[in-house]
Amino acid sequence: MDATGPVARRVAVRMLLTVLLLATGLPLAAREVVIGVLDDGPAARRYVPLEAVRRETEALMGREFTVRFPRSKRREGAWDAARIAAGLDALLHDEEVDVVLTSGLIATHLAARRAQLPKPVVGMVVADPVLQGFPRAGGASGRHNFVYIASEHTIGDDLAAFHALVGYRHLAIAADRVLLETLPELPPLVAAAAAQLAVRITVVPADTTAAPFVARLPADVDAVYVPPLPRFDDAELAALAAALIARELPSYTLLGQRHLELGFLMSGAGRELDVTRTARRVALDIQAIALGEAPATLPVALAQPRKLAINMRTAAAIGYSPRWEDLEGAIRVDEPASPPATELGLVAALERALEANLALRISELDPLIADAEQAERRAALLPQLALDASTSIIDRDRANPLFAAEREGRIGVRARQLVYSERAWSGWHIARYLREAEDEALRAAVLDVLEQTARAYLNVLLADVRASNVALTEANLERARARADIGQSGRGEALRWQSELAIDRQELYRAEAGAGTATIELKRLLALDQAAALGVSDDGIPAFIALLGNSRYRRLFDNARRWAVLRDFHVERALARAPELARIDALIGGAERQLLATGRAYYVPDVSLVGQSATRLLRGGRGASLAGVGRDEDEWAFGIEAELPLFLGGARDARRTRASYELARTTLSRADAELAVRARVLAALERTSGSYPAIRLSREAATAARDNLAIVTDAYAAGTASITELNDAQDAALTAGLAAAQARYQFMLDFVAVLRAAADFDVLLMPDGLESWYAEVDEYFRAAGLR
């Protein structure tokens, strides 16, 4: 069990004794405790401000002791090891000081190296107790009058994590020059770490500014580790980060997110150092010492949540792309803004689909093609005019001056007007029916695209709904680790949450993949570039659902009789408006006309008026001078032609039989389509009858589950609820929350299906669409005797 468990119990005992003394009315001795503070020197920042320590100490000990942090008992070493050591001596031998608090890295390090301390010393700032060779016995320091506060994670852990992330070969470690002078053990320890990682590590001294440090970096360094540099202010840290970016060097900072915001690449302390927890631990140590506990027995480890954080803008600037698994659960700082997204609501998406969908553009060509076909069929019914030119050369021996010269050329015009042809007229009539069918097919394509777009849009909203559960499980994992640290649970509890977190991340990956797939489909339907950003939201959907829930609309389906009438209304409306039925009706008209034409083909001839006119333009060769002498050079003819085939080998019988079958098939298809439309409407309405009340019920369930989770979470943190209870509560909250989110979108999906079945999206697209629909429904209800 971690050493913090016993101290937690000791703290609880101390607090219990205090409460009992207060309850019995016995006076508490308000003994004065004077705290002497030793700083390394003037610093640009204090990682744990003294004011936070004073506040926490007074809050904890104010009823038992008078705790003072007099300014006269503060010492600074001006960043000189000798002066810091002298300050430590002065405080240790000051009879008015009860406890010495070292608030600098060097001061704490110097105190740790002393074998004898005449009074209690609390080391507040420690970089790496292993690297610095701090005493450790079990979970405490084991050294008389010495206690310090250190993270469980070491710089070695950070170096290994950094190497796993970027794979450096030559690492530079920035180290304050004064600390280097104070810590001669650092070079061999760094060499050991380098050997373990099979890399080179160079410690580079740093003072108070970035430029000299950067100038000292070896040319072949490919990564930089940045521990606390207390003499660097924010401007110099930002300058250092900028210089490393300019050299495209990955950087890893020991501290947290605040340093990343200055431009460093990553940190294992993704959350900012928990100042309050550290200050509270200092206060607990001072209280324990004031109550007589030995500093050597107090725990030194302070669990600080570790979480990788990456500055994504810096990563992009230096050309570093983190692996997907490294980004799992990582905090992404300063992530570059995505390209401006095309923001679309549901109605806007439907309107764009009508304008841009390529499948719809293709379908719009079909009626135009049918128009051309119809015009071609009609052309056969109009006058036909042709120009005829010819020349001839005959055998010289056959040339006859009375009839034809050896060479002659003629030009003429032929005209034909069809008086009646059953084949031509039926072809034109059938083309008109096919044009009507293409219009209805286009209307069906429009409805299909609207339905597909609405479904894709709602599926995008449905897909990505599990991210909040990952964050919740991460928080519970930290609670479990904290409970293990104070002895309230074992390590198995934390392992259980680690397992849950892995499962939740799997589900998140699936959800993100589902959202990505749905977005790809939506972009395809909207003819958007797949690389373009697209934003969707449910703006307007809750308001629309709420509108359907008011009393005016609810009366249409609030009992079985009204629901049956509403179903009949939608069925009749769908049958009257369905483009599938109208298209088949047009095809039936064409099939009937084709059957009529095949019957008339037995007895109705093709009748045409024909005429022609020609003139001789040239003569040559033998007989040219005498041929046609005395004859008119122009000639013409006019007549009427009628043609009725007598025998075609049975083709007319076959055509009539085929036309008969085609008409029967189309008629049956119409009956089947009517059944399909009717079933489609009824099925869609049945789904809405289940999904609409599910909105209210899932909302109630989600509220109850959230409230229960909050109660159980508090109880778990207090140690009065088990991990099983919390896990069950979290699962229930997740399931209910997902159900509540999905219920809205599922109803809209079912409602869209109703609109498609009824062949009417005006309810969504037109400003007065819902009102027009209601007026029709109300009139139908009145006709049915319902008001």
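These legends go with a set of close-ups of one predicted model.

**Figure 1. The whole chain, for orientation.** Before zooming in, here is the predicted protein chain in outline. It has 26 helices and 21 strands. Of its 787 residues, 46% count as buried. Take the contacts between residues at least 6 apart in sequence: 77% of them join residues at least 24 apart. The chain exposes about 38,600 Å², and carbon and sulfur atoms supply 56% of that.

**Figure 2. An open sheet of seven strands.** Reading across, the order is β9-β8-β10-β11-β12-β14-β15, and the pairing is mixed. The edges belong to β9 (200-206) and β15 (331-333), each of which pairs on one side only. Further in, β8 (residues 170-176) and β10 run parallel, joined by three bridges. β10 is also parallel to β11 (residues 251-253), again over three bridges. β11 then pairs with β12 (residues 266-267), in the parallel sense and over two bridges. At that last pairing, look for Thr253 opposite Ser267 in β12.

**Figure 3. Strand β10, covered on both faces.** In a regular strand, side chains alternate between the two faces of the sheet. In β10 (residues 223-226), Ala223 and Tyr225 sit on one side and Val224 and Val226 on the other, and all of them are buried. Tyr225 is a handy landmark here. Ile173 stands opposite Tyr225 on the β8 side, while in β11 the bridge partner of Tyr225 is Tyr252. To get from β10 to β11, follow helix α9 (residues 234-246): the three elements make a right-handed β-α-β unit.

**Figure 4. A nonpolar patch on the surface.** Now for the outside of the model. Leu385, Leu387, Ile411, Val413, Leu617 and Leu618 form a nonpolar patch, with about 600 Å² of accessible area together. Three strands, β17 (384-393), β18 (407-420) and β20 (606-620), each supply at least two of the patch residues. Zoom in on Leu617, which is found in β20. With a relative accessible area of 58%, Leu617 is exposed; the cut-off for that label is over 50%.

Figure 5. Gln374 is found in helix α15 (residues 358-379). Buried or exposed? Gln374 has a relative accessible area of 19% and so counts as buried, since that label covers anything under 20%. Leaving aside neighbours within four places in sequence, Gln374 is in contact with Trp428, Ala431, Arg432 and Arg435.

Note on methods:
Residues numbered from 1 in each chain as written. Predicted model: local features only at pLDDT ≥ 70, side-chain atom pairs only at ≥ 80, totals over all residues. Heavy atoms only, no water. Buried < 20%, exposed > 50% of the residue type's maximum accessible area, 1.4 Å probe, protein only. Helix = DSSP H or I, 4+ residues; strand = E, 2+ residues; numbered from the N terminus. Pairing = 2+ DSSP bridges. Right-handed = clockwise from strand over helix to strand, strands pointing away. Patch = residues over 30% accessible without salt bridge, like charges linked within 9 Å, V, L, I, M, F, W, Y side chains within 5 Å. Areas by Shrake-Rupley, 256 points an atom, 1.4 Å probe, with all protein chains shown as cover. Salt bridge = Lys/Arg side-chain N within 4 Å of Asp/Glu carboxyl O. Contact = heavy atoms within 4.5 Å.
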